[in-house]
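Please read them with the coordinates open.

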Amino acid sequence: MSERSKPKAKRKFSATANPHQGMDVASLQAAVVNHLEFSLAKDEYTATERDLFVSAAMTVRDRLVERWVETQQSYYDRDVKRVYYLSLEFLLGRTLSNSLLNLELEEASRQALEEYGYNLEDLQEVEFDAGLGNGGLGRLAACFLDSMASLELPAYGYGLRYEYGIFFQRIEDGYQRETPDNWLRYGNPWEISRPEYLYPVHFYGKVNQYHDAQGVFRNEWVETQQVMAMAYDTPVPGYRNNTVNTLRLWAAKATRDFDLEPFNFGEYERAVMDKVRSETITQVLYPNDNVFVGRELRLKQQYFLVSATFQDIFRRYRKTRPTFAEFAAKNAVQLNDTHPSIAIPELMRLLMDEEGLGWDEAWKITVATFGYTNHTVLPEALEKWPVSLMVQVLPRHLQIIYEINRRLLEEVASRYPGDGDRLRRMSLIEEGPEQKVRMAHLAIVGSHSVNGVAALHTKILTEEVFRDFCELWPERFNNKTNGITPRRWLRACNPGLAQLIFSQLGEGWVKDLSQLQHLVPLAEDAGFRQEWRRVKRANKERLARYIETQNRLVLDVDSLFDCQVKRIHEYKRQLLNALHLAALYNRLKSGSPHAFVPRTAIFGGKAAPGYFIAKLIIKLINAIAATVDQDPQVEGRLKVVFLANYGVSLAEKIMPAAELSEQISTAGMEASGTGNMKFALNGALTIGTLDGANVEMAEEIGEEHVFIFGLRAEEVKALKQQGYNPWDHYHADPELKLVLDQIAEGAFSPGQPDLFKPLVHALLYQGDPYLLLADYPAYAACQERVSALYLDPEAWTRKSILNCARMGKFSSDRTIQEYARQIWEVEPAPVHLGRQGK
């Protein structure tokens, strides 16, 4: 707890009866005290800060329960079509602040806690980020859940309840060190276990084929190993409405605790082995480094999610329908990337093997049920499972995939006779030394809708990556540009800016982000610009205090806060930023005549544990940071800092303080990005390539109000086709050559002169696949434009306001409305409290 919020004296706790629904200060105080005493067995003398957080969380959860129960029952009463969003990741962040905001309980909760001597913001810091995701994919899923509830759509999220997140990142001597992210160590007050929803999930075994008594050919999956899936539910409240949807997460449980026979003979390890092996399925979030590594655990995780989810969907559907004729009319299932695409053969298996439908009827239902969202254009990141692994783990599903493929190739051969290359390209089975199942192809074939997540991304999918499929089924392909929820990413994380906007526009923009366009005229109001700068400075000071505490580094809040925070990967080009910072350092050392604007470069992001180059980039950034920090000659003009363990809660501190947003991936390689949107919504100016959603952001904001540089996607493709030689750029640019030589020769690692040679080797001797050297001169020149503009605070502030004002398109509400209308065909289902006869 901070010094400012330490209580001088704690008021004696006193409870009142039935405190579960009241929204006033007194009711909230009584509820918190009741939970302390009756849920946690604590009083004012023994209660810790964590106890207060848990009691506050349970108090808020109580106020969601009535709405939660009403929501679920109303969906049955009105016989609505439901949306099921399947994702291996949900990067939720903290839940307390978001729930208070959506319930309109922030101020009452703050007062209730202050009267007992506690500070709401301090208690919010106690909560762990839920370790259910890795990066943009999981954060997008979380934004979508918020939007679906806020738009009152009957929707459910389904995922896995990982006991450990990807990892907790520490920076030691400049290196990333991974430690377990045991986010459930102290429990999770938001979740409710549902042991009544416990389903068997099968693996391994074999397939028996036979004719039944009626002479019908049947397949039976037998001699399997079972793992039980148990449901844990988390409420997802909509913003200022009565809808509370459900995020249902599955945890793996053994079918029995242990085999008693070896236990009775003293062989305890053998007795519990099966239990331990079973429950490892949901123990750890599998790290995604965007280069797919086929592992049995990951395949089992994917099928575990899919099997449990469809048993649950079937249970719900059967309550009101005796046959499956209306299944697709009442259920829309969205696959968030290829990870849950094994759902396609699973639904076919259930409909045919369990429900007795024929192939044609089952296939019609399957295709009408599924939509597939693709999130990558990188060929190496498209999932491909070895046939040898799938036949062992999921033998019946492989049979179904073979039959889907046979029918697909028949259709392709009929449409394009004699085109053997097309058959090879489109086959679900990739031939080679090891046969593999192309899961993206399976997802396309088995879905009625296939969407990209930005206009450029979808163009690349339809014209390059999946061109053959688009030519076969053009009606299936569409674009749904990603968005972010303005509730968390402006209203909650940047209260100062939100209040300033409220003072001019009211609160309607929180649910209709397009209303921010009314800020455009205010960019010319000198008084409003001054207030805008005041808010930004306060946010910079807040972040600076955090960095001083965590990194023992004092920042100049008058310097330009230049931020690049995202997963560390070569195509995202943190290394390009680092090369430029080294060049800036050289300029300062040499007394360059360039007008120098003081700059603080802030990095954050995790590298996959096995991704050597990405981890070496982190070390280089920290080596540059240490060199700069230890040099008094550049004091006050340049700082570099790497913030450890980047995640949602840290992003909520960085985004409001950022002034320059680095979105500098190689054009054509980023599907969309959403960090770019969060920065711009909080008034940061973007320096970036025309990649992913940057293209549409530049169109909406105006290219004159962002800093665009570098090769376009088509130019990247052309340069690679004609032959790219990085040495040409090395010799043509003395500043770049000096930096690369310094890195290679150990200038930033004097004790280990060869430490960073692999980075330079990848650029010069391995072809520079992400074209850093080709884009460096344009990037450096663009950074000069950034510095020049920053010297004019009024001009910078105008552009900052315009960036925020023109972000209306990039609300996840708009994205979800498009999914609902164009893919799911689902309508809002507003919830009214106090049903008759309850």
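What volume does the second largest pocket have? The points below start there. Keep in mind that this is a predicted model.

1. **The second largest pocket.** Its volume is about 510 Å³. The lining counts 22 residues. Nearest the centre lie Ile 460, Glu 464, Ala 667, Gly 668 and Ala 713. Two elements give two or more residues each to this lining: helix H17 (455–465) and helix H27 (713–722). H17 provides the largest share, with six residues. By class, the lining of the second largest pocket holds 13 nonpolar residues, eight charged and one polar.

2. **Strand S11 and its partners.** S11 covers residues 370–373. Strand S10 (residues 331–336) runs parallel to S11, and four bridges join the two. Strand S15 (residues 449–452) also pairs with S11 in the parallel sense, over three bridges. In S15, Thr 373 stands opposite Asn 451.

3. **Both faces of S11.** In a regular strand, side chains alternate between the two faces of the sheet. Are the faces of S11 covered or open? Both are covered. Phe 370 and Tyr 372 are buried on one side. Gly 371 and Thr 373 are buried on the other.

4. **The three-stranded open sheet.** The strand order is S12-S14-S13, and the pairing is antiparallel.

5. **The S3–S4 hairpin.** Strand S3 (residues 168–172) and strand S4 (residues 175–179) pair in the antiparallel sense, with five bridges between them. Glu 172 has Tyr 175, in S4, as its bridge partner. Two residues lie between the strands of this hairpin. Asp 173 takes a positive phi in the hairpin, near 55°.

6. **Helix H6.** This helix spans residues 136–150, a run of 15 residues. From first C-alpha to last, H6 reaches 21 Å, close to the 21 Å expected at 1.5 Å a residue. Is H6 mostly covered or mostly exposed? It is mostly covered, with 14 of its 15 residues buried. Glu 152 follows H6 and has a positive phi, near 60°.

7. **Arg 316.** This residue sits in helix H9 (residues 296–318). Its relative accessible area is 5%, so Arg 316 counts as buried; the cut-off is under 20%. Which side chains does the Arg 316 side chain contact through polar atoms? One is the side chain of Tyr 84, at 3.2 Å. Another is that of Tyr 158, also joined by a polar contact of 3.2 Å.

8. **Positive phi in two loops.** Ala 41 is not a glycine, yet its phi is positive, about 55°. It lies in the loop between helix H1 (25–39) and helix H2 (49–77). Ala 41 is exposed, with a relative accessible area of 65%. Asn 645 also has a positive phi, near 55°, and is a residue other than glycine. Its loop lies between strand S19 (638–643) and helix H24 (648–657). Asn 645 is partly exposed, at 22% relative accessible area.

9. **Glu 784.** Helix H31 (residues 772–790) contains this residue. Is Glu 784 buried or partly exposed? Its relative accessibility is 25%, so Glu 784 counts as partly exposed. The C-alpha atoms of Glu 784 and Val 597 are separated by 9.4 Å. Along the chain, Glu 784 and Val 597 are 187 residues apart.

Key: Residues are numbered from 1 along each chain as its sequence is written. This is a predicted model: local features need pLDDT of at least 70, side-chain atom pairs count only at pLDDT 80 or more; totals for chains, interfaces and linings use all residues. Side-chain values use heavy atoms; hydrogens and water are left out. Buried means under 20% relative accessible area, exposed over 50%, partly exposed in between (1.4 Å probe, protein chains only). On a 1 Å grid over the protein atoms alone, a cavity is a set of points where a 1.4 Å probe fits but cannot get out, and a pocket is an open set with protein on both sides within 12 Å along at least five of seven lines; lining residues have an atom within 4 Å of a point. Grid points are joined across faces, edges and corners, and a volume is the space filled by probe spheres set on the points. Ala, Val, Leu, Ile, Met, Phe, Trp, Tyr, Cys and Pro count as nonpolar, Asp, Glu, Lys and Arg as charged, and the others, Gly among them, as polar. Two strands pair if DSSP finds at least two bridges between them. The expected span of a helix is 1.5 Å times one less than its number of residues. A polar contact is a pair of N or O atoms within 3.5 Å; within protein, one must be able to donate a hydrogen and the other to accept it, and residues adjacent in sequence count only if both atoms are side-chain atoms.
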